[in-house]
Amino acid sequence: MSDACGCGDDAPRVDGAAEEREPERLWQVSELRAAAVAGVFLLAGFIAGLVDAPRPVGVGLNAVALLVGAWTFVPNTLKRLAKGKIGVGTLMTIAAVGAVVLGEVAEAAMLAFLYSISEGLEEYSVARTRRGLRALLTLVPAEATVLRDGQQVTIDPAQLRVGDLLLVRPGERLATDGVIRTGRSALDVSALTGESVPVEANPGDAVYAGSINGTGAIEVQVTATAADNSLARIVRIVETEQSRKGAAQRLADRIAKPLVPGIMILAALIAVAGALAGDPRTWIERALVVLVAASPCALAISVPVTVVAAIGAASRIGALVKGGAALETLGRIRAVALDKTGTLTRNEPTVVDIATIDTTSSDQVLRVAAALESRSEHPLARAILAAAPDHNPAADVEAVTGAGLTGTVDNRPARLGRPGWMHPGTLGEHVTAMQTAGATAVLVEHDGTLIGAIAVRDELRPEAADVVARLHADGYTVAMLTGDNTRTATALAAQAGIGEVHADLRPEDKSRIVGAMRAARPTAMVGDGVNDAPALATADVGIAMGAMGTDVAIETADVALMGEDLRHLPQTLAHARRTRRIMLQNVGLSLGLITILIPLAAFGVLGLATVVLIHELAEIVVIGNGVRAGRTHPLPNTPLAVTGRSQPVGVPERARPPGL
């Protein structure tokens, strides 16, 4: 159980069986079921008192309510005490025991009932399913082909040894890290680096587990076993950082750590000093009332209520927040690290520029390029075909591995490919300008003559610049982290208004940079891919772009933005800041109430019944204040703002069928 209030087991859940037990509905939370049963018996005891039933009947009903409610926190409290750890649950347990000693079983039952509700709400608010690490395993193929003694042998990737020669056919994933010995190809490394365009791979180049081979067969000399390759390192980083977060103390526990022993010492001093100066029984009773007066009931229930209200509200503005700890931390964030591909950009390469020679039109250049690309699955092909939907497929098309395509268009030879394989000629300056602007340049040749160059780029989301400007205005430090090349990253960052850029990064590099940012100020990482998982886990708060994101990103993150509108990011941050202010208001009220009640109880001004009544009234106040966290202000010009309904969770805008 989550230990938000200091009475649960503080070891994070990492095993699959524990994940399966995570509750998804309120009635699946055992603490809330116990609270419901305790509430029934508490109500029955109250009714028994109203109808003048025999005292043993009322006491018995209240005693059952007490036992059922106490079951939700007392056992774990005792376990923590055995380890030398104290929390809010410790003080609640002592307060309940004190009430029983004073003969007020009903008041003790009420304390247990209310606290069991707070525990259940906290458990519900942090319920999550972390299946991300399992998603990583799908990036490793079930089999690997190695060349041994001139023969092709199929083995389990776990049996690969450093020095093995791995044969990777077109379309296959690399089973581990290595260096290309023979062959050329283009590798899809988006899962590892986030780079949207496949990269060329030539002999001598390092390649990494999980990459998808393009059109050419390659032979790779293994440099890391399955246990030590890139994906294995990602898993280790995520596991380590999630454990760090799971063990972090939360707001209630941080307050309870000095409060509980202080109250216990104070009560003991009141009992001892009073007994020496007057009637021992009177002062011992007052000491017990002080313990009840000091019980942070309002704190215990108000924080979970605020969390549940705020999380529900966040879901209505397009953000899934995974628990109170994430929400609290999100309200403290002062720096934001943004991934490029799929976060700041759409991850949809498009044609952004066409350069032609004097005698050729842009339409002609696009028509020839689309004819050659019509049967290609390359991301650049999809961009070119989208720009030229009306074309006739080329004949005799052949792929030149790592270079481009050749074929016949209008009965004349045609070529399409990268600069270096084809000479840019008079378009050299145009090609350089395209690359400087962060685009990938493709040259087009027809009938032996260069006719043009096409620039393809993954464009920024239209709202990206405004979002970055708002983050800056709100006082956040903003940085871009990407596996893409420096030239592309710098160009797009300038468009977005981001001055701090880190490019050519691998997953562990992103994690390291986020760790350095965390050392300076509370940091959130926003990403959408497997390559972002270590950084998402390392950050104080990981935020995934849910509609675009992979399972591993969504499950590793603490917050998932469930739409494609990046404006939800500053809105969610503002919502978390407001929620944290409400939490602190409730904490202040609870502590202020305790400060007032303790001296009044110590000098006999207030009795136990009055103290319990004041606590219950205070709980109503803080719950009402906590419910304010459920108010939201949706973005303008969105479905929620116009109709009161948000788009279905996890369904990208472009993927929704008509009328949904």
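R415 lies in strand β14, residues 412–417. Helices (H or I, at least four residues) and strands (E, at least two) are DSSP runs, numbered from the N terminus. The structure is a predicted model, in which local features need pLDDT of at least 70, side-chain atom pairs count only at pLDDT 80 or more, and totals for chains, interfaces and linings use all residues. Residues are numbered from 1 along each chain as its sequence is written, and side-chain values use heavy atoms, with hydrogens and water left out.

R415 has a relative accessible area of 24% and is therefore partly exposed. Buried means under 20% relative accessible area, exposed over 50%, and partly exposed in between (1.4 Å probe, protein chains only). Leaving aside residues up to four places away in sequence, R415 touches L372, L405, T406, W421, M422, L443, V444 and E445. Contact here means heavy atoms within 4.5 Å. A399 is 16 residues from R415 along the chain, and their C-alpha atoms are 10.0 Å apart.

L372, a contact of R415, is one of the buried residues of helix α15. Helix α15 (residues 362–373) has 12 residues and reaches 16 Å from its first C-alpha to its last, close to the 16 Å expected at 1.5 Å a residue. The expected span is 1.5 Å times one less than the number of residues.

Helix α3 (residues 55–70) also agrees with expectation: its 16 residues should span 22 Å, and its end C-alpha atoms are 22 Å apart. Its buried residues are G58, N62, A65, L66, G69 and A70. They cover an arc of only 120 degrees around the axis, so they sit on the same side of α3. The arc is that of the directions from the helix axis to the C-beta atoms. Exposed P56 and L67 are carried on the face turned away from the buried side of α3.

Helices α18 (residues 464–473) and α23 (residues 568–602) pack at about 25 degrees, with axes 9 Å apart. Axes are lines fitted to C-alpha atoms, for helices over the stretch in contact, and angles run from 0 to 180 degrees between N-to-C directions. The pair is therefore roughly parallel (under 35 degrees). From α18, V467, R470 and L471 meet L569, P570, Q571, L573 and A574 of α23. These residues comprise 6 nonpolar, 1 polar and 1 charged. Ala, Val, Leu, Ile, Met, Phe, Trp, Tyr, Cys and Pro count as nonpolar, Asp, Glu, Lys and Arg as charged, and the others, Gly among them, as polar.

Overall, the chain holds 25 helices and 21 strands. Of its 660 residues, 52% are buried.

Key:
Parallel < 35°, antiparallel > 145°, perpendicular 65-115°, else oblique.
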